[in-house]
Structures are given as structure tokens and as C-alpha cells.
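Let's take a walk through a protein fold, one piece at a time.

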Amino acid sequence: MEKFFAYQKDGRVPCKYGRKCFQTNKEHTDKYKHPPTKDDIKVDTKKITRKRDSKGKVKLSNQTNGESSNGDHRTNEESHNSGETNDMEVPERPEQITITSNSEPNSITSINNQQSSTEYAVPSIRQHSQQQQLLLTNNTLEDCSVDDGIVPCTPTLFTPRRLDGETVSSPHVPSSNQVQRFTFVGESQPSHTPDSNDREQLDPPVQNVTDSDYLKTKISELFLVDEMPKEFYDLWSFCKRQCSTRPEDALLSVGLKLVGPYDVLAGHMNGFNTNDIEKTVLHWRYYYDPPEFQTIIASTGSEFHMGYYRDVPLASPVYVVSNDSSKNCIVQKLGKSLFQALRKHLQSLDSKVATTLQKKLLAYEKRKVTEILEGRKCDPVTKTFHKAGIVVPYDSKTDIGYRPLSESEYTLHKILKSYHEASESKKMEVMDKLQPIINYANIASDECDFGTGFELGIDFFCDGNPDLHRICKQLLVTAYNLLRRPQFATIIKAHLNNRRKGLNMSIL
């Protein structure tokens, strides 16, 4: 046991390989301590009993070595009236033992006998407790043969605690990268320096920002949409062939630039994370872009831009669309293929550079592009002001999901125009015409016709009047949440809080 307690008091760093460590060089042994072997710790586990002599006095005897208790040589000042059998064995008990006379029922226990019995019982109890602790120690050392990363546990006056004050109940030794997290009250934590001979666990690899799965996930997190379609990455590969250093600028010769989620592939948005959602959803979002519109190609000389249109945020795009926010709010459908839509636009430019690039796109499309968008699986319930239409769950049998607005599109457009042109004194009169339409849409939403409030909110958004942003936000956020499209609700809130006009809609 001396070696074991010496091991506990040793201030060196415990070797994480324990008794299995094969290193014997002086540099390693000077720095790390190793637990003693099981043969170094031998604990006598045989039963310890007490015997009574002819005078009734308790005496201790150890069955292993035959040593007698010190009480055998002492004499008691007062003896009991009747003696008991000489060699009666009394099993050890943790509580204090008092000896009384059994021969006379009215006899009083002698104080001297109590003191004598207590004098012998206390050392016996301590010795028994110490033996139990040693037994626990021996059992712990036997368990260490399975896992040498565990240091044997011994009785200690110090309570293991973490640096933040929380009690630690496990005797496990922290690994090399956790040494600074735990300490024992009253002891100084030894420092750990890397050793060439010590096999250390390698740190986890840093995430590669060029990993395809990582980039796909990052685009979904920053723009709150489903994964981009395969043709999106095919166009990036085509542009890398045209300009390997800056693929996003490969189309500058025709006045176009890859933007939006392409900036993630280019590494321009590595500093953004999910805490910047209110900024990232506005990256290249133009004034009349609804939440369903995601810009991926922008013109360098105008507000013309192209992108994907999604009816549901966590679903694939249904169309490739375009818009010029300097002209109107109309969302123009360009087809189901990004390459076809881009070639149509290049064909309209009527220049030699555009024609050459158009041929390259066509050749690459025939060789590499194998998938296009699937389109809409159901018809829109109404067109709205931007003409792209909206899709909501609708049951034609029960006629639940959508009902037309209380006013026609032409009448609503006329009322909104008059509100925009009215003076401050006459705006309340026009608002009195709009309020019944708003109330009707809210009642429809309460009756599960979510498409009605959705339509009115999109019409207010396409009107573009900042005075109606508050009503527009209330209608669209409610509609998107009822339709279980909370990502679009987040986008529309951020957009209406910071709605901008201009050519450069980048947040970088």
C-alpha cells in the first residue's frame, strides 16, 4: 500500500496508458507517473472477531496472525456477578458496544465496563472502516486492468469540482484536451505539454469550405430554401471553364454576373452564418421580388435579373423567371431550364460575343446537362398583380382553401392607385374603401381560405406603396404561417423592413 499512496501523492501527470505503458525512457518517467501493480497492494480480507474472557471483558483477536487484543492484559476494576463462556465470539458491529450483566436482572451496568468496552470498540471500528476502504481500493485497482484511463480512487478530504464550481462525481482522469476543464479544490492543476513520445489524439479536421455537401447546406441555411437544382451547379462548372479564377464574372462580356447563392460557391459569404439570416435573405433581392423569387443572375447595367421561382420554400424551383424592377412588378416565366432561359436572353442581345457564348452554352448543355425543372404540379388559384400566380392547398369538392377577393383585380388596382396619388387629407377616404377588402380577406383566413389573404398581401406588395407595408406584412406573415411556409414569412418581414431600389442589391 505504500506504493499506492506514494502514487496518489505524486505530483506528476498520470500517464494515460497506465500500467500498459511500454515506455521506460527517463524523459517519459520523469514527466508521467504510472499506477502500481496489483501485486504491490495486498489487503487482508479475513474476518476480525472479538472474544470475551472469563471476566466478561472483550478482547480482539485476528484470525490471520493470532495476535491478541491489548485488552487481554488489562484488568477490570469491577467484575460481573456471573461469568459467561470464555470463547464466545462476537461479530464486529459499526456501532458502540456496551457490556451488561446477564446473570442478575436487576444489576446495573458498570461505568468502568462501558468505558473499557468503548475503549476497545472504537479502535476496532476504525480498523474495520480502514479495511473496507482498502478493499474498495483493491477492487478499483483490479478494474483498472480493463481501462487504464481510470486512476484508482482513494479516500480523500478534497472534493472534486470543476472550475465553474459544479461537483464532479466521476474519478476518470480528463484527457489531454480536457485537462484545463477540471481541478480539485486545494490542489494545483499540473500543466500538460505535448511530448514527442506521447501518442496524442489528433484534432478533428477543419471543415473544408470547398466541400460540395457543405456548400449545399450553407446555401439552404443562408437563403432559407431547399437545395439548388443540379443545373444550377452545371452552370457554375461551365463558367469555371470560361474563367477559372473568378467563375462568377465569366458572363461579364454580355453584361451579366452570377450572384446570390453563387457568391457562396465563390467564397464571398464565408463570414455569414445563421445569425445573419435577416441580411442574407436580402442578398440580391430587388424591390419587387416576392419571397418566392430567388435571384441568381443579375445585369450589370440595369435592374434586370433572373432567378428561380418556388411555390414552397423547402421544395425544388418550378420555373426560371426574370424581372426588371425599374419597369414593373411583372414576373416573367422563362421556362424550366436555366440554360435555355440564358440562351434566349443572349439571343435577344444580338451581338457576336453573345452569339459565341450562346453556342458554347448549347454545346455544354447537350453534353453535361441532364436534368431540368419539373414545373408546377397544380394550377395556381389566381394570378395576382405579378402574373406568376400563387399556389395554395385547395379542395374543389368542399371549396376550401381559396375564395376570390371581394373586389376584382381591376377595381383593387384602381383603388390602390388613387390611394397612392391622394393627398394626406384624402387618404383616409380611400382607406375606407380598402378596409372592407382587408376585413373580407381576414375573415376568409379565419375560415381556412388562406389563399385570399395571401393574394391581397401579394397585391399590396406589388403595388409598392410604403404606406401599405404594415398591412402587407400583417397579411403575408399570417398567410405564410397558416400555409406552413415560415421561411417565406421571415423573408417578407426582412424585406419590408429594408426594401431597397437600385442596381446593386448585394449585401457584401
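Predicted model: local features only at pLDDT ≥ 70, side-chain atom pairs only at ≥ 80, totals over all residues.

**From paired strands to a pair of helices**

Start with two strands that run antiparallel: S9 (residues 293-299) and S10 (residues 304-309), joined by five bridges. Strands here (E, at least two residues) and helices (H or I, at least four) are DSSP runs, numbered from the N terminus, and two strands pair if DSSP finds at least two bridges between them.

Residues are numbered from 1 along each chain as its sequence is written, and side-chain values use heavy atoms, leaving out hydrogens and water.

S9 and S10 belong to an open sheet of five strands, in the order S8-S9-S10-S11-S12, with antiparallel pairing. What stands at the edges? Strand S8 (256-258) and strand S12 (332-335) do, each with a single partner strand, so one side of each has no neighbour in the sheet. From one strand to the next, the twist averages 35°.

Next, look for helix H5 (residues 230-242), which lies across S8, S9, S10 and strand S11 (319-324) and runs at about 115° to S8. (Axes are lines fitted to C-alpha atoms, for helices over the stretch in contact, and angles run from 0 to 180 degrees between N-to-C directions.) H5 has 13 residues and reaches 19 Å from its first C-alpha to its last, close to the expected 18 Å; that expected span is 1.5 Å times one less than the number of residues. Buried residues in H5 include Phe-232, Leu-235, Trp-236 and Phe-238, where buried means under 20% relative accessible area, with a 1.4 Å probe and protein chains only. Across the 508 residues of the protein, 43% count as buried.

Finally, move on to helix H13 (residues 469-482) and helix H14 (residues 486-497), whose axes come within 8 Å and cross at roughly 170°. That makes H13 roughly antiparallel to H14, a label for angles over 145 degrees. Among the residues that meet here are Leu-476 and Tyr-480 in H13, and Phe-488 and Ile-492 in H14; contact means heavy atoms within 4.5 Å.

And the whole thing? The protein comes to 14 helices and 12 strands.

Notes
Buried < 20%, exposed > 50% of the residue type's maximum accessible area, 1.4 Å probe, protein only. Parallel < 35°, antiparallel > 145°, perpendicular 65-115°, else oblique.
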